[in-house]
Each structure stands twice: as C-alpha cells, then as structure tokens.
Amino acid sequence: MRYLPLTSEDRSDMLARIGASGVDAFFSDIPAEKRLAQTLDLPLRKSEMEVSRLLSGLGAKNTAAGSVPFFVGAGAYKHHIPASVDHLIQRSEFLTSYTPYQPEIAQGTLQYIFEFQTQVAALTGMDVANASMYDGSTATVEAVLMAHRITGKRKAVLSGGLHPHYAETVRTFSHMTGDASTALPPDVFATENMGAMIDADTSCVVVQTPDVFGNLRDLSPLAEICKAKGALLIAVFTEAVSLGLVTPPGAMGADIVAGEGQSIGNSLNFGGPYVGLFAAKARYLRQIPGRLCGETLDAEGRRGFVLTLSTREQHIKRDKATSNICTNSGLCCLAFTIHMTLLGEAGLRRLARINHANAVDLADRLGAVSGVEVLNKTFFNEFTIRVPCDGAELIERLAEKGVLGGVPVSRLLPGRGLDDLILVASSEVNTPDDRAAYAQALRGAL
Amino acid sequence: MLNRQIRATTAGDSARLEVETFTSNRGLALEEGLIFEIGRAEVTGVDLDEPAPFEPRLGGLERKDPIGLPGLSEPETLRHYVRLSQKNYSIDSGLYPLGSCTMKHNPRLNEAVARLPGFADIHPLQPQSTVPGALELIEDLAHWLMTLTGMDAVAMTPKAGAHGEVCGMMAIKAAIEAKGEGETRRIVLAPDSAHGTNPATAARLGFEVRSIPARADGTVDAAEVERLLGPDVAAIMLTNPNTCGLFEKEIVEIAAATRNAGAYFYCDGANFNAIMGKTRPGDLGVDAMHLNLHKTFSTPHGGGGPGAGPVVLSGRLAPFAPAPFLRRDENGLRLVERLDEAPYSLGRLAAFHGQMGMFVRAYAYMLSHGADGLRQAAEDAVLSANYIRASLNDLMSQPFGDRPCMHEVLFDDAWLKPTGLTTLDFAKAMIDEGYHPMTIYFPLVAHGAMLIEPTESESKASLDLFIATMRDLAMAARRGETERFLGAPVYAPRRRLDETRAARNPVLKWTRPPPQPV
Amino acid sequence: MPKILYSKDHEYIRVDGDTGIVGITDYAQSQLGDVVFVELPLIGKNVDKGAEAAVVESVKAASGVNAPVSGEVIEINRALEETPAVVNEDPAGKGWFMKLKLSNPSELDALMDEAAYGAYVQTLG
C-alpha cells in the first residue's frame, strides 16, 4: 500500500525488538468475541489512477457553477479566486501542520492569524476579532451564547431577515441549552420593528445585513434601542464582499459581529468547509469564544506570536469553558487572508462595486421580464424577485435550460406562503452574456 | 583558468562564527514583516476594471471611511506567505508525534480530487437534480463509515470533532426528552482522562458533569461506572482507545450497564485509527461516536482546521439525527432538508450539510486503502507505537506500568524529576533536534504527560532515528546537561515566547505605531 | 491585632473584627505561576463558605478563589484588574482580592492558623 512505509521485514524486526509474537498481541484487550476475524465487506485497495478515475466520474455528474450562467447565493457565493491563493494554501508547511501549540515552530501560522484578526476587525469595524470559527451559522450561535454570558439573560430575538438556516441553527442550540429564542416572521421588505420585541429578558437581537432577501439595513437606530434596553446587538452577514461597499456593523453600533467569510478566498464546496468571522467590542474580550492570537516577544526580544487568553478554552476550563470549540477553520482562514491581502483596500472596494453594478444590471434585466417583479429597494449583490408561478419549479425549468437561476425562497422557508419568491445573486463572475441568457431563459420558462 | 580568483572551495575557518546580520535574516531563515508594514492601501494584486457608471441601490449606506486594509502585488504576496510558511513545522518535513492528534500522511491525490470542479465548484443550494454525483459520494462515504464502525446511521453535518460531540450529545438529549426523562436525567459521566471538549460539550448542553476516577491501570472500572449510574444519568462519555493509549477492556460491560440503566453511551472516536478494521464500536455497544476525518482519514490539519466530524449513531438514536440528511427511496437519492419531514430530528447544526471538501478527501483515502489497507494502517500505527514504547521504556517512566499500548504511548515526568527539568524543557529540546514535540501535559491523569503517537506513516528508519534522538536527549537529561534543555529551542525561528506578557497585555491586532520624532 | 487564618484551598483571611480581607497564599501563587488575569466579584455580593468568589488565571490554568467563610463583599482590590502581577509579588499584602463582612464568624473556627497551614503545605510535597 503506497501510503504505508513499513515492509513485512520491518514489521518482523520490530515485533522481535518488542518481544511480541505478532501484532495481535497488542489488541488483546479487545474482548476476543468482538475482534474482527476477517476483513470487512468493503472494496480492497485501489491505485491512485483508479481512485482518480472513480471520483472524476462522480464529480462529472454534477453541474459546476463555473460551467453555466450561475446566480445562486443565499449564504454562499461564487467569486473568482486568484490562482496564487490555492497554490499558497497547499504549501506543505501550511497544509500539513497542526494547531500552533508550539509557537517557536509555528510562527507562520500564528503570524497569518494575527494578520487575519486585524483584517477582520478592520473589515467589520470592530475592536477585536478571533482566529475564525467553523462557518457563519455556527459563529452566530456562538455570538448568541456569548451575549447570554455577558448579560446574564437568556433570550435571543432573531430578525425575520436572518438567513433561515442560521435561525434554525440558533433555535436548535437554544432548545438544547434551555435558552429562549424568538424568531420573527419572514421580513421580505425589511419593515419589522425589532426594537419593540426587546423585553427585560432579552439578551440580544440578531440582525443580518444585507439580509437574506438582499435588503441593506441601517442598524444604528436599533443599536440605540438595544443600548437603552440593555440588550446586545449582534450583526450577521453572509456576504463578506459587501463590506467593501456598505457601512460596516461596527460603525452602526453592533456589539458582536458574526459572519460568513467563504466568499473571500474559498470555493463553494457544496456547503463546506467555510470560515466563520467573529468580532466584538474590546470590552467583551474575555467572553469571546475560540482561538485568539496575540503579539509578544521571544527570549531574544524579537517580536513573535502565540495563542493567548487560552484559559477561556475547553482544554483548560473544561466544563466552565466559554465554548467547547477546539479548532478554527485554519486553511480557510488562510485562504481568506491571502485573497484579502491580494485585493487590498483598493481591490476590495472595486470588487464590491463590480458586484453591485452587475446585480443592478441583472435586476433591471429581470425586472423587465413580463410578470417578474424585483422586490428590493436596496441591495448589494443579491435581491428577491416575485414570479407569477411556483419558484422552485421555475428554478428546475431554468436548470434544464442550463441556467442556475437562484434559490427558491420555499426551499429555505417552506410553507410560509412565499412560494413565488426567488433569491438571485450576481457577482463579478457573471458576464453581460450570462445576465442576458438568464433574462432570456426566464422569458422562455414563464 | 576556471578558478582564476582563487575562490576557496573548502569551508576552511569560516565555520562556527556567530555573525550579526544587517537584515536580522540568518541565511535561509528570513525575517518577515506584517502585511500592514509592507503593504499599501492603493496596491492590489488583482486586476479589476472599474464598472461603468450606474445608479447604486445602497440606500445611503455606502462605506465612506478608509477600511485600513493593505494590499500587495502578486509577487509580494507570494513572497510574504512563502516566507511565513518556512517558519512552520509540518508532517511533510518531519515526524509529528502528537498524541491524540493522529498526524498521518496527507495524500496529495485527496487534494487533487477535492478540487475537481464537480465537487469544489458546486453550491449547497443549487437544485438537487444538478448534483447527483455529490449526493452519491456522501452516500458512499456514509456507507464506509457505518460499515467500519458497525453502526446504523451517520450524521454527516458536524464540522469538527467537538461539533460532532455536540451532535451526538444533542441526539442523546433529544432521545431522553422523547422518553419524557429530560427533567430527571441530567448527569453525564466522563473520566478524568477525557479530552477537555467532552465536559465542555456536556456542560454547554445543560448537563452536570461527574467525573469517573481512573483506575491504577489507566482504564475505567466497569463496577465504578455501575455504581455511578442511576435514573439521573443521561449518558457516559468515554474515549476508546482512551487518551492514555489503552483500550478500555471492560467496554462491553460498561456499555451494557449504561444501557441497562437507561442511559446512552457516547464514545469519543478521536482514537479510532488504532482499531479501524480490528473491532467495531457498534459491536461494543456504543450509541454515538464522532469520527475525526482529519485524524483517522487523513484530511489535512491545516494549522488548525478545517476539520470534519461525522457522527455514527445506533438504531435507537438514528431517528434524532440532524437535518439535512440523505434519504434513498423510490424517487432515488435526495437530501431531506425540511424539518417537517423528520419529526424527531434534533434540528439543524449548521447552515449547510457538512464539510464536502473533507468528505471527498476522506473518501479518496478510504478507497485508496480499501478494507485491507485500513486494517493494515491500524496495525502499523499500533506496532509503531509499541516499538517506541519498547525502545524507550528503560529510560522513561510510564504512569500505568509497562504494558502494550494501542496507537500512542504515554510517558510521565517521574523519570525527569531528579534532573530538575520539566516536560516542557524536554519538549523544547526536541525542537532543536528537528522534531515537533509530542503532546505534553495531556492527559491530565499523568503528571507531566508526554503522549507519543507516531502513526502508520513513518518508515522504520524514521522511527529508529526518532528513538535514538529521544534516548540521547533522555541520557543527556540524566547526566545533568541542563543547558541543552533550559535554553531550548535555539535553532527555531523563535526562542521561547513570553506567554505571560501576551496574556497580561493582550495585543490581538496590528495598530499603526505613533509617528517617531525626527 | 488582626489574625490570619487559612483554608485547605489556599485562601487566607485576615480577620479584623467582623470583617476580613481575603487573598491567596504564597504557596497558591507559586503553584499557579504568573498570574495574568483576575476576575473579582461585585461589591454587595453575598458569598457562601467554600463557594467560588473570584477567579485567578495564569497562562495555563484558571482557578476559583473560594470564600473561606460566608459573608458580603464590601470592598474589592481593583488594582488587580490592571496589574495582576501583584498577586505573585505580594500575595499577603497588596495582592489581596476582597474584603468580606462576615455573616457567620463561627465558621472561622474550622480554618487553620499559620502553623497548621504550614504543616498542611508540607504534606503536599
């Protein structure tokens, strides 16, 4: 087997050195009747060529985003990733290293985490960011739990513009931890009054902008109300590129920010791995979950980096830890920070403007199709359309015509009377031809 | 003629000179500034054209103030991150004996297939009709995981081991609530040797954690578990093989007692690498167990993630699995995403359906090994750990006596005591020898623990050199050559770092230094 | 003359009438290593004997500081929030944690005096 360096002779020599009759001697603590006498009923070993052929076959059955006019978003976005990003994250020293618990030989990982934390803090307009979480939805759960710890209250109010999967994830955790969560009804036009929902038991309100329907929300008035009523404002985003163009949550008074960073540096990957971004005001530092990297000096007085404030974490505090999480999203965090470094401020702003321009153009084109209505007054690169038929069936018909036209709202919010709505996203990867093809396919499918 | 300038071709007297360099670089050991020090806001490494003028729809929410993000051109970017990478240890550069972490070889075939557009470039919410190959792959991988573990179902969503623990313990909580025992069964038993995630997971789900003391031989006593079990116990969380590198030999009795008491058995599968193809947790009576695809099934650790932690479930927990999940029926294979189709489901654990990128890698690993290769891998991992044990046991002490171990061998610091050196000192000296240290100070049940896991990926020559190095260090320690340890590491990119300083005055991001007076 | 008493969890209390100043012993600070963070209770909080009243953290460990006797927190040493190192440098003096108003002074009888505590520490090796 190509991955196993020991030869039969090696194995015999090693057994002799140990003084064991055979390898089964080491497994003698397994109750005899529970030991597997023979090989399990699964295929036997395959060459690299065979495995490659088999998996290529499976992959070829799927329609890749890059092979068609593609407008699917709703929490994950197709963007162009510079070739150097993927090259760099495959460097052995990044790819095959462990968590930087021995900082003297992990300065590479630690320094990029420090840079990442600084980038995320700047991007969100917050004081401090952690070394990343699993994804945006789990980061949102962590934000809610953190708000409960800070306020000593246990109820979260979830906006009707929060991604329904995020809301479901929070509800699952709330139910399991015995906390309360109130999810407001779907808020297609961003008209809900969240401030009125805050009562004495409310620890936090969770609001997304751009929201799941694409609307941009000014959180400043809500932040004022939260402050007055003693609740924390948790701002969520699923499209990190938007922060290159729209007011960041920190500038609107958010206490904690949780977001999805996939769209910078990371592929769609059918839902994972992604990278959760997490930032907060400095005064909540001790309650932040996950890893934090900090600057220090080594024995010769040279600058270096270490994981710090780790007494918050599970391996020290065990059942009193701020979170049970013991990983960040290392390589995805690296991909994010490399792509962000390549973009820089000028590149990010321009990328965001292109996204917005393409979405505006698409909205105008689709809105011109008879029977189709664009519902948003404001949006970044995603918006909601109303169609004169069932949205899910329409999306299937478009797929047959070779256009992946978006996400039917009924897939995220079944049984809510929103079956004629579709979420449509457009990024820099869409060409004018793609957008024209969509409008034409839509005309044909209606 | 060729050596006209009489350049010296031997090293001569130049060796052993300490030179202060202008750049602070030391030859190939290159110093590298932060992107905030070397980049500029107006520089970009991505060519993008400004869009044609258009009417924005931002409703007055444009971002106006500078963001504070430096940019680098592509060559500068490459150089920055390549230099950073060179400050890291990695499996590809050397043996990485971190106990409980299973730092095995990461095959590059896995990386290649995970990047096929049919896997990397598909969206979790594009029509299911356009991703049949992805669903098939998840189904195939699930089949392998269930067969290897002898379990009835598998929840694929969890994004890491700790997330898998949350998933399994939630399924247990849901099952208990379904039986109307949610109010009474509030205690979770876990041994002292458990990973910190176990008690942290149980506590965050509202359980009270009660510890099971370790027996003198490092394993859990079934009679003790039986004594602690009662109508108030929800579950027991046990790692097997345990974190001392030992197989819990009374596991069948423990599982039976747990089941008889109406509780559930959560097994931490972090150490599944030792028993893959040798025994099946399902046959041992386990109800739920997470598998770390990034340990046992070779997906890269990536400097701390991303992981993947699918959870296999027994029949009595299967109905409570999280959504979405795969279902094959008369209409073929599809993902069930709606909670109303799964009335007992514990709910949703994350936005989408799991770490697909990791699934492809793990599946490539399994297909490459086959059932026969996986069993061989487990045997080689265990053989290598025992080889190290048998080669060091005369110099280093073991907390539970010298007996065969599974895939990792545990030493303590009793043998170091007379030298005045600590486990940390010993570990740092290993760095100078070109090795990543083993896991230290874990598990907590051993004083000054040193947990060594070589994995199946090392050749005999590599193991022999590691053993010889460890012996040399151990003898140096015993001889009192403390200077080799106390100052270590000397040859790493950094000497020991001041963690106290970092924690007392946290600097967690770069800030522009105040202008210097001219 | 205030008297100093000790708990088995390595807290001391310097009793003065019906109040007492609580801190951790020199032995405790030496076992913890460099203290990097201290979390103090709110003034006015009532703490029970043996319950966690404050938290002290070093780089690698976090431990609770338990109230050696029951009482109300009437003063806290805010200086520790800025300069936790004082706990290492002067645990018995400037490194104090909180001042309690004792609610049940008879609980003091269960604590050790300096000699008994010294002997107790010896047994810990």
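Modeller: Chain A and chain C bury about 550 Å² between them, with 51% of it on carbon and sulfur atoms. This is a predicted model, in which local features need pLDDT of at least 70 and side-chain atom pairs count only at pLDDT 80 or more, while totals for chains, interfaces and linings use all residues. Residues are numbered from 1 along each chain as its sequence is written, chains are lettered from A in the order in which they are written, and side-chain values use heavy atoms, with hydrogens and water left out.

Biologist: What makes that area "buried"?

Modeller: Buried area is the accessible area, taken with a 1.4 Å probe, that two parts lose on being put together, summed over both. The figure of about 550 Å² is therefore a sum over chain A and chain C.

Biologist: How many residues does each chain give to the contact?

Modeller: Chain A gives six residues and chain C gives nine, where contact means heavy atoms within 4.5 Å.

Biologist: Why is the pair C:Glu57 and A:Arg286 called a salt bridge?

Modeller: The term requires a side-chain nitrogen of Lys or Arg within 4 Å of a carboxyl oxygen of Asp or Glu. The closest N and O atoms of C:Glu57 and A:Arg286 are 3.6 Å apart, so the pair qualifies. The count between chain A and chain C is one salt bridge.

Biologist: Which classes of residue make up the side of chain A that touches chain C?

Modeller: That side has one nonpolar, two polar and three charged residues, with Asp, Glu, Lys and Arg counted as charged, Ala, Val, Leu, Ile, Met, Phe, Trp, Tyr, Cys and Pro as nonpolar, and the others, Gly among them, as polar.

Biologist: How much area do domain 1 and domain 2 of chain A bury between them?

Modeller: Domain 1 and domain 2 of chain A bury about 2,400 Å², 68% of it on carbon and sulfur atoms. In domain 1, A:Tyr77, A:Phe380 and A:Leu412 lose the most area to domain 2, together 24% of what that side buries. The count of salt bridges between these two domains of chain A is zero.
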